[in-house]
Amino acid sequence: MIEVEVKLQIDNIERMMEKLQMQGFVQESVIYESDTYFTHPQHDFWKSDEALRLRSCENIETKEKSAVITYKGAKMDDVSTTRPEYETAVEDAEVLYRILIAADFLPVMPVKKKRISFKKEDMTVCLDEVESLGTFMEVEILVEASEADACYDPALKRIEQYLQSLGYSMKDTTRRSYLSMLMED
């Protein structure tokens, strides 16, 4: 999959939630996420603009726990955080963590956040309250990798138009990951 995505800092999460609901977005979940990123002595994910992430989640409403492992390829353009993304469920995050450590992967600073997800058609909007960073909005459309050439530009254009409907522009977005923001501060 190709994750066509933009991210920007926002001031008021409650006001943004109201705007999303007025525009027909449906709240899907409220999740607490704890992300552990990894690097490796033989492959520096930071330098190659890639990411290997183990995410542990807890649904705040149902208390259901889950975990996923995600590989994110290098960013594909100079204006968004669009990149190839491969993700799969993990039965036991602690066991996978131990496997990665045993294979000489090195954990990097964790990223912890409360994420409220909204969906409308193929567009997902996540409102993130990131510990030590503040509140952000991510807007994404997933595109099949086989259709990326034909679908990437139109998806990014739709996201850009959506941002404009909220009073933002692409100039308000950042390409920096939460991890890079935390590490550089």
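# Close-up views of a predicted model

**View 1. Asp-49 counts as partly exposed, at 27% relative accessibility.** Residues are numbered from 1 along each chain as its sequence is written, and side-chain values use heavy atoms, with hydrogens and water left out. Asp-49 and Lys-75 join their side chains in a salt bridge, 3.3 Å from N to O. Asp-49 sits in the loop between strand 2 and strand 3 (51–59), and Lys-75 in the loop between strand 4 and strand 5 (83–89), so the bridge ties together parts 26 residues apart in sequence. A salt bridge here is a side-chain nitrogen of Lys or Arg within 4 Å of a carboxyl oxygen of Asp or Glu. Helices (H or I, at least four residues) and strands (E, at least two) are DSSP runs, numbered from the N terminus.

**View 2. Lys-72 and Glu-85 form a salt bridge between their side chains, 3.0 Å from N to O.** Lys-72 belongs to strand 4 and Glu-85 to strand 5; the pair links distant parts of the chain, 13 residues apart. Are these two residues buried or exposed? Lys-72 and Glu-85 are both buried. Elsewhere, salt bridges with shared partners connect Glu-33, Asp-35, Arg-55, Lys-113, Arg-115, Asp-128 and Glu-138 in one network.

**View 3. The side chain of Thr-70 makes a polar contact with the side chain of Glu-87, at 2.6 Å.** Such a contact is a pair of N or O atoms within 3.5 Å; within protein, one must be able to donate a hydrogen and the other to accept it, and residues adjacent in sequence count only if both atoms are side-chain atoms. Thr-70 lies in strand 4 (residues 65–72). Its relative accessibility is 1%, so Thr-70 counts as buried. Beyond residues up to four places away in sequence, Thr-70 touches Ala-51, Leu-52, Arg-53, Glu-85, Tyr-86 and Glu-87. Contact means heavy atoms within 4.5 Å. Glu-91 is 21 residues from Thr-70 in sequence and 14 Å away in space, C-alpha to C-alpha.

**View 4. Glu-33 pairs with Lys-113 in a salt bridge, with the closest N and O atoms 3.0 Å apart.** Glu-33 is in strand 2 (residues 26–39) and Lys-113 in strand 7, so this pair ties together parts 80 residues apart in sequence. Glu-33 counts as buried at 5% relative accessibility. Lys-113 also counts as buried, at 1%. The salt-bridge count comes to 17.

**View 5. The largest nonpolar core holds 27 residues, and Val-4, Leu-20, Val-125, Leu-127, Met-137, Val-139 and Tyr-162 touch the most other members.** Two or more core residues come from each of strand 1 (2–9), helix 1 (13–22), strand 7 (111–120), strand 8 (123–130), strand 9 (134–143) and helix 3 (148–165). Helix 3 gives the largest share, six residues. A nonpolar core is a set of buried Ala, Val, Leu, Ile, Met, Phe, Trp, Tyr and Cys residues joined through side-chain atoms within 4.5 Å. What does Leu-20 contact, leaving aside neighbours within four places in sequence? Leu-20 meets Phe-25, Phe-118, Val-125, Leu-127 and Tyr-162. Another core lies apart, with 11 residues, including Phe-38, Leu-52, Ala-67 and Leu-100.

**View 6. The side chain of Thr-174 reaches the backbone nitrogen of Arg-176 at 3.1 Å.** Thr-174 is in the loop between helix 3 and helix 4 (178–184). Neighbours within four places in sequence aside, Thr-174 contacts Lys-7, Thr-81 and Met-181.

**View 7. The whole chain has four helices and nine strands.** The order from the N terminus is β-α-β-β-β-β-α-β-β-β-β-α-α. Its C-alpha atoms fill a box of roughly 50 × 40 × 35 Å along the principal axes. Of the 185 residues, 48% are buried. Among contacts with a separation of 6 or more, 63% join residues 24 or more positions apart.

Conventions: This is a predicted model: local features need pLDDT of at least 70, side-chain atom pairs count only at pLDDT 80 or more; totals for chains, interfaces and linings use all residues. Buried means under 20% relative accessible area, exposed over 50%, partly exposed in between (1.4 Å probe, protein chains only).
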